[in-house]
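Have the model open while you go.

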Amino acid sequence: HTITLPKPEISGPGLQMSLIRGTDLFGYIGIEAVLDQMRSKTMKAGFEFNIMVVGQSGLGKSTLVNTLFKSKVSRKSCTPNYEEKISKTVKLQTVSHVIEENGVKMKLTVIDTPGFGDQINNDNCWEPIVKYVNEQYEKYLREELHINRKRVIPDSRVHCCIYFLPATGHRLRPIDVEFMKRLGKIVSIVPVIAKADTLTIEERQEFKERIRQDLVDNGIHVYPQKEYDEDPEERILNNSIRESIPFAVVGTDKEHQVNGNKVLGRKTNWGIIEVENVAHCEFANLRDLLIRSHLQDLKDVTHNIHYETYRVRRLNESNMNFSEPGPLTMSVF
Amino acid sequence: MKTFVSESWLNTHVTQLPRQKNQTWARPLSLAGHVGFDSLPDQLVNKSICQGFCFNILCIGETGIGKSTLMDTLFNTNFENFESSHFEPQVKLRAQTYDLQESNVRLRLTVVNTVGFGDQMNKQESYQPVVDYIDRQFESYLQEELKIKRSLHNYHDSRVHACLYFISPSGHSLKSLDLVTMKKLDSKVNIIPVIAKADTISKSELHKFKIKIMSELVSNGVQIYQFPLDDETVAKVNTTMNGHLPFAVVGSTEEVSVGNKMVKARQYPWGVVQVENENHCDFVKLREMLICVNMEDLREQTHTRHYELYRRCKLEEMGFKDTGPECKPVSLQQTYEAKRQEFLVELQKREDEMRQMFVQRVKEKESELKEAERDLQGRFEQLKRLHADEKAALEEKKRLLDDDQSSFSKRRAAAQLLQAQSLTANGKKDKDRKK
């Protein structure tokens, strides 16, 4: 039978584009096999994911990260002589692991911030963190600007920053507002309510509403940001996520028997808090967001938006000083 | 006539109580029948009931940690509390007084809460308002005590009897803010640390946490309130309770039905935390210890230990001493008199000094003025002389001018005369010619 081509649209000087739908093809071509090719290539290459945890000591950061990745990935669990000392300044420490699931390898780096918010005087405690994030962008930028570039640029940029809010039940505190304002501009922040087993369901709902209100009042943008929704489907999905942040989480690495099944939970004298039960806490939602559905999106947002913002700013800075060739331009030319 | 009983006679015939230092020895007597003064404690109690009791609790803790809820739960009422914001620029204290009554005992309870504690970015001065508040209450009591006309039995004692310090349930250790604050307060008030929101810690974690907290307190030299062990009726229960410090508490004013009863509890999807269940939290222990068993001891400790320390420091600061320069006991009265004299002498000296200074200043001013006057006078004279000189000069000039004028007029007159003469001579000649 004849193929009727639709009217060609002129989309540029001398360029003719026509749309051929899949059902109009003569036979099977095999374009969709490219998805498999992509899958096998990425499986071979592996993924990188860098996650930063920020919050006062005692809020359960290490436990939560261990629970998320179902293995002992936190710094506490890896260092042999780990001491629970309160450090005098905020020092960032990174720990990297390679974990594998069904043939997919992931290099996971957990960046810990001990000492944040623990001092008596917490003025400017976010500065070491801001400096670290910008340093990673700078490293990547330099690699990108090299004449002879590596095939794969090592990516140490922070893809996601989980900020732990203590479950006071009231509102955001000054330190929370200051930190999220500054870091929301350069990295994707995911706020969570830590140790949420201290709030009843109503208290939890009220707390979340108040926090969302505070975030709007202070102009803080947390992940997923409204401006970066690409299509209506994504918007619907992200809207439902935005309605329920910050997630109220409980973390544990112990298993108990409940109704004949082994579940992860915290055992108390009045019941067992099942970590993966959505009626109890929102850990499962957080895990799905971070790992199962939005992991690649987090990386994309970091690369396409935060990194690009940094790059534009940095290149403009060095362009403005024509007389003194900055270190950037020197390396380029 | 006085009769003395020798020591040796006493030692053999009368069983003595062990002689205590500084106590005047009194020999024990046995009674032949019932006298009736065994009702003295009852009389005391009845009097106290009429007067009513006073108890002041200070609650220190971060915003949102559950201080108000715990107070409501402890006293089974609803104190009107409003939520405070996290954005207070400084720590403030809010005191509220309530009159409670249970059977025939009236209690005037004052609950003081910190507002904004732990919220600021810079918490270095956070403990200061609390210390100031406690000192202020001691100060007003001291003032009342030192008044000439005083009414101590009517005085509303506002000194802080117990301080509940709320520790956040991190499960690890105390925060540095906690240690610093408690260290500043341990010599001023009875500190009872409690672990707040204890339903977030599991049993094993709680045990480790309590041990860690107590060891940190000991290693930093913080003295918390220990339940007293000297009274046998309560020594046993107090010893066990001392071992459970700090108490891990949960507060709730809502009731949930458990079994067939309504109990105070918090309802979660995974279970119900009952406030008064000893397996769930230490709330009952806290209520026992704070109110039922040791309230009176807390008040006594505040008065005899903390208040006395404050009083001693304050009076020593003002310069009072209990012993004079030769180490002889000096009463407050004498010291006060001596101080007063000293003060008056000082005052007199100052007054004299001021007077002297004033006189000197006046003299100086006077001489200055005289000097100025002389100066002016001199100038006046000078000007006068100048004026006279000029006048003389002008006179001279005038005289010369006059002379000139007169000589000129003489010469003119002479010239005129000559002219007139020559004219008449010419006229005469003409006349002669004509003839």
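Predicted model: local features only at pLDDT ≥ 70, side-chain atom pairs only at ≥ 80, totals over all residues.

**Exercise 1.** Find out how many cavities of 30 Å³ or more the rule counts, then describe the lining of the largest cavity.

*Solution.* Start with the count: it comes to eight cavities of 30 Å³ or more. Here a cavity is a set of points on a 1 Å grid over the protein atoms alone where a 1.4 Å probe fits but cannot get out, and lining residues have an atom within 4 Å of a point. Next, size: the largest cavity takes up about 310 Å³, volume being the space filled by probe spheres set on the points.

Residues are numbered from 1 along each chain as its sequence is written, chains are lettered from A in the order written, and side-chain values use heavy atoms, without hydrogens and water.

**Exercise 2.** Work out how much area chain B and chain A bury between them, and find a salt bridge for B:Glu205.

*Solution.* First, contacts (heavy atoms within 4.5 Å): 37 residues of chain B touch 40 of chain A. Together the chains bury about 3400 Å², 53% of it on carbon and sulfur atoms; that is accessible area (1.4 Å probe) lost on being put together, summed over both. In chain B, B:His86, B:Met121 and B:Trp270 lose the most, together 25% of that side's share. Finally, the rule finds two salt bridges across the interface, a side-chain nitrogen of Lys or Arg lying within 4 Å of a carboxyl oxygen of Asp or Glu. B:Glu205 pairs with A:Arg266, their closest N and O atoms 3.3 Å apart.

Methods
Buried area = accessible area lost by both parts, 1.4 Å probe. 1 Å grid on protein atoms, 1.4 Å probe; cavity = no way out; pocket = protein on both sides within 12 Å on 5 of 7 lines; lining within 4 Å.
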